[in-house]
Every structure is written in structure tokens, then in C-alpha cells.
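Biologist: I would like to learn how to read packing and pairing from a model. Could we go through one together?
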Amino acid sequence: MLSREEWLPLARKLDWDFTYVREDEVFPQVISGHPWLPHSEWKEWEESFKTSYREYVDNQYEKDMAVYAVRDAVGRLENIQKLAAPWMNSLKLHAAALPLAEFTGVIGSLRGARFGRDSAWRTMSTFGALDEYRHTQIPLLLFHQLVRWDAQFDWAHKFYHTNNWFAVASRHFFDELILGQSAIEFAIGANFVLETGFTNLQFVGLASLARESSDHMFERMVTSIQTDEARHAQIGHPVIAVVMKHDPEYVQYLLDKWFWRSWRLFSILTGVSTDYLTALDQRPYSFKEFMEEWIIDQFLRTLDEFGLKKPWYWHIVEDELDIYHHMIYASAYTYRATLWFDFVIPSPAERKWLRQKYPKYWDDMDAVWEQVSERWRTVGPGAANELKVHGTALPTFCDLCQLPLSGGTPRKNTANVLAKDGRKYIFCSEPCRWIFLREPERYANHKDLVKRVLSGEAPTQLSELLTEYFRLTPETWGKDVHNGAYDWLAASKASSAQR
Amino acid sequence: MAIPLYGFLEGDTLGLLVLAEEGETVLDLARKLQDAASLRVARNDKIAFVYNGKAIELGLTVAQAGLQASDRFEVIGKGKL
């Protein structure tokens, strides 16, 4: 009997040289990607973690059984209902963002499964596509019991089908990166930058947060997903190794573009979950600490291995570690009805922790939270007063990433205007502007939410925007978890009154 | 006809859409932005209006200041420029 090491190489390398069709007819550049190289350049393509179909099926079956066992033990509705309210809202955020985005990963992986330039690449992409089916179906299954219990979990399932501003930003990202890319671009932008750079380790971090929050079902789910991610994220590495020999500038461009765009979305999803939607005594680290330990150092080492440079805007990322997700969370809190999950104001103890972890700009953020707290003190707590502690003016969005214009700091916002071809665009940052200018034909006709309102495509009144355009309802739109009834707010109001 | 402008108030966490009238003063416009951002930023009576990197005299109208649709302006504490 052949050992695995003897027969698996036969099962991985399966291509023959085409004699009755041209190679570029089988792998047209427009779908396979740039640079178009003959197979002789790709035939040494090698993945780090090899698997056979049989091994894949066996391993995935074991993983699934482990997830279902944990669900049966600690993932029932009565278990979930006991979780802390802020963490519950992190789950709602992920319940919306995760499943259909993972399904786009099926589509992107299948492009690699058909148009990857070597049989081993195509095989790994096939397994990658199966992984992404799993990553779609597991959260849909595990969260399903919650849809009747909480209308916001139910709404989460229509998130991507709405024009909610965060759905617009997410679709803008996934449509281009995952759905619209060639096989080479997907391998570099998605497998390497997004997955190796962010999501692989995001799941490690999320699992840790879930464990601290006593949410063992979500912990098991993301841990299980992460083991798949670690395998198929590696597809990017051997693709980069080949493309670097022929067009290193193109690899650098894809890295610079997709790292920035991934950073934007990732810092919102994970930064908000880590520093605001996890209870203080359950936070194992700050978002910045997590990024520095798990993402930044490791990613920079990986870039070195390939002879790639840090993205040109690295100094901006380093600075934004201290501020961007704080700007976004405070903005989102004051526009929480535009989203489908609830928010909390950081308490004095939490603000002290945040000051300790983020000393550079915390004075400015603390002033914002003090102002918001003062509004609750003035109007008084209660559901009836929710919209009195809510923004009324239309927030503004970046014409590239479609996210709020919250770049920079409260003292110096980095939004910048560009006049081009008779139109004006506004960007949250220099990197977003740079990406736009590199490919204006791709982005020039996209309409952000403000342009849709100004053109009459979207309503101008906030209430109609929420219900008609974002398809939220008073039951599903975001609120303060406590409707402003915080013990510490009441205590500080009482002590002010005594003075 | 209202002119849509992107307003950035010092101390705030995001930009806001402010609709301006040609005949209103930039001071009025600044106060509109401050009101819109009041949930997050306490009002400062001493302010400067900045457009295209320059401080604009507060008594000028929006038209006189040259503000056009989709332009960006800032309101900052006076003495900071």
C-alpha cells in the first residue's frame, strides 16, 4: 500500500499540456488574472498544508460534530439569553455581517477552483469553497433559534439585501474583492491580505472574547471556522511567490489597496466588539493590543518573506489604531437607530480603562462621551427619550469605502475633497483617495448615501430613511441597551444636584 | 436653492451634511453645524470658519465666501488657526 506521502503528490499535480485548445482559451487572462503566464511558470505551485479529499471530509465531519456537540450542550436559547447584553449585540453585528459574506467567499473560491493556474491551486480552492459553504451555514444554523426570540437577530438576515449604510459599505467591499476579482487577484487580495492578514486571526481574537464572555457556542463556532481559514488562506502565498517574479509592483499595489480596505471594515467589526461590546471585566486585551500582537507583527514578517514593502500609508494605520474605531463607535452610538443592534455608553470605569489603553487621543473622545452623557442627564432615561439622544443631521460618507467620514481625530478630520471630470468626491482619508485615483473608472459612478439623498433616490427625513430605505422598524433599529438608565448617570446627576 | 456642504466641527467624530443658503452668513452656517453636532460637542461661542485652508470673515455670506455644492468647511475654536 502506498503511504500518504507517496500518493498525494500524484493527486495534487494533474494538469496535462493542452494540444487541442490554447492554454489562454482554457484560462483567459480576464478571469485567471494578470500576469498571464504559461503553466510552466505555475507548475511548482505548492501549498503548505496538504490534504486529500478523504482527509478533508473526515476532518470537516469531526469539526462539525464538535460544533454541534457544543451547541447542544451550551448553545441553546436559554444559554444565549443569559449572555451580557453588550456581547449579545456583538453577536447581532456578526450575525448580519458573516453568513452572506462567507457565501461570497464560495463564489470567489470557485473562481480559483476553475481558473487557478495549477491543479494544486484549483484543488485547494475547491476545498476552500467547501469551507466557505460551511462558514455560511454554521452561523445561519446556530443563530436561527434566535430569530423568533429577538427581532434584531431576525433583521440581521436581511442586512445585505437592504440599503443600510453599513450594508452598502460591506457590499461595496465584498462585491469588488470577492465577487469581481480574477483568480490571481482573489488569491492575493482575499486569501493573502484579507484572510492571512485579518480574518484568520480575527477569529482567534473573537474566540477569546467569546470565551471571556461565557459564550462557548460562538467560541467553538469561530474556532472551528478559523481552522479552515488557516488552511485556505495559504493559497495566497504561492500565488504571490510566482507573481512577484514577474510584476512585483502589481503585488504591492494589490497589497496596499486591500490592506487599507480590509483594515477599515475589520477595525469596525472587531474594534467595536473588543473595546465596547464586551463587558469590561471580560476584555482580555484592547483592540490595539490585539492588533499589535496578532496582526501587525505577524503580517509585517510575512511581507518581509516575500520582499514586499509596508504599505505607503503605514503611519496612518499606526495612528488609527489609537482612534479610528473610537470615532466610529461614538458616531454610530449617536446614530444608533440607523443600525440593527443596540449600543452602550462606556461607564466611568470603562472610560478609565479606555484612557489607560488609548492615552494619545482619549481626552478628545472622553469629551464626546461626557457630552452624550449630559444629554441623557438632561432629558432623562427611558425608551421615549431615545431619539432625543440621537443625531438629526445627515451623516456623511466616503466616496470610496462608503463608511462615515470619521478619519483622523476629533481635532483634525482627514476628510478631503476631489474635483474630477466635473464632479466632486469626498474621501475619509488619503488612502481612500489614492485607491479612487488609481481606478477612477471603477468607482466614479458609485453613489454614496449622501448623493442618493441629494438626488432624491433616498429620503431626506431621518425617520423615512430608517424605515423606507434601511428597512428598519422601531422594533429593530438600534437603541441604548439601557435607554439611558445607567446607575452611574443617575448617581452623577444626583451628586450634581446636591452641589 | 439649498447648497449641500460637508461640515466638520472641531471636537466631533464625523462630518455632517449642512444645507446652506447663499444669503446666510458663514457665522449662521457655523452655528447650524454646532447645533447639528451638539449631541457630541459642547458649543463654543468663539469660533473661526475655515474654508480651503483659510479663515473666512464671519460676516461674509455663503455666496461671498465662494462656497459651492459639496465643498468642505471646518468650524474650529478661535485662536487655533
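Modeller: Let us start with a strand pair. This is a predicted model. In chain B, β4 (residues 54–56) runs antiparallel to β3, and three bridges join the two strands.

Biologist: How many residues lie between β3(B) and β4(B) in their hairpin?

Modeller: The hairpin of β3(B) and β4(B) has two residues between the strands. B:Asn52 sits in that turn and has a positive phi of about 55°.

Biologist: Which other strand of chain B pairs with β3?

Modeller: Strand β3 (residues 47–51) also pairs with β5 (residues 72–77) of chain B, in the antiparallel sense and over five bridges. Here B:Ala48 has B:Ile76 of β5(B) opposite.

Biologist: Now helices. What describes a packed pair?

Modeller: Two packed helices are described by the angle between their axes and the distance between the axes. Take α10 (residues 183–212) and α14 (residues 287–306) of chain A: their axes come within 10 Å and cross at roughly 150°. Angles over 145 degrees count as roughly antiparallel, and α10(A) and α14(A) are therefore roughly antiparallel to each other.

Biologist: Is the crossing of α10(A) and α14(A) left-handed or right-handed, and which residues make the contact?

Modeller: α10(A) passes α14(A) in a right-handed crossing. From α10(A) the contact takes A:Thr196, A:Gly197, A:Phe198, A:Leu201, A:Val204 and A:Gly205. α14(A) contributes A:Phe290, A:Trp294, A:Ile295, A:Phe299 and A:Thr302. By class, this contact of α10(A) with α14(A) has seven nonpolar residues, four polar and no charged.

Biologist: At what angle do the axes of α16(A) and α18(A) cross?

Modeller: The axes of α16(A) and α18(A) cross at roughly 10° and come within 11 Å. Angles under 35 degrees count as roughly parallel, so α16(A) is roughly parallel to α18(A). The crossing of α16(A) past α18(A) is left-handed. On the α16(A) side the contact is made by A:His326, A:Ala330, A:Tyr333 and A:Thr334, and on the α18(A) side by A:Met365, A:Val368, A:Trp369 and A:Val372. The classes in the contact of α16(A) with α18(A) are six nonpolar, two polar and no charged.

Biologist: How many residues of each chain are in contact between chain A and chain B?

Modeller: Contact between the chains involves 29 residues of chain A and 20 residues of chain B. On the chain A side, α16 (324–334), α18 (362–379), β2 (423–427) and α21 (449–454) each supply at least two residues. Of these, α18(A) gives the most, with six residues. The side of chain A that touches chain B has 17 nonpolar, eight polar and four charged residues.

Biologist: And domains: where do the bounds fall in chain A?

Modeller: The domain assignment gives domain 1 (330–392 + 464–499) and domain 2 (395–459) of chain A. Their C-alpha centres lie 27 Å apart. The contact takes 11 residues from domain 1 of chain A and eight residues from domain 2 of chain A. On the domain 1 side, α18 and α22 (462–469) of chain A each supply at least two residues. The largest share of that side, four residues, comes from α22(A). By class, the side of domain 1 that touches domain 2 has six nonpolar, two polar and three charged residues.

Technical notes:
Residues numbered from 1 in each chain as written. Chains lettered and ligands numbered in written order. Predicted model: local features only at pLDDT ≥ 70, side-chain atom pairs only at ≥ 80, totals over all residues. Pairing = 2+ DSSP bridges. Contact = placed C-beta atoms within 7 Å. Nonpolar A, V, L, I, M, F, W, Y, C, P; charged D, E, K, R; others polar. Axes fitted to C-alpha atoms, helices over the stretch in contact; angles between N-to-C directions. Parallel < 35°, antiparallel > 145°, perpendicular 65-115°, else oblique. Left-handed = near helix turned anticlockwise from the far one by under 90°. Domains from an automatic or database assignment.
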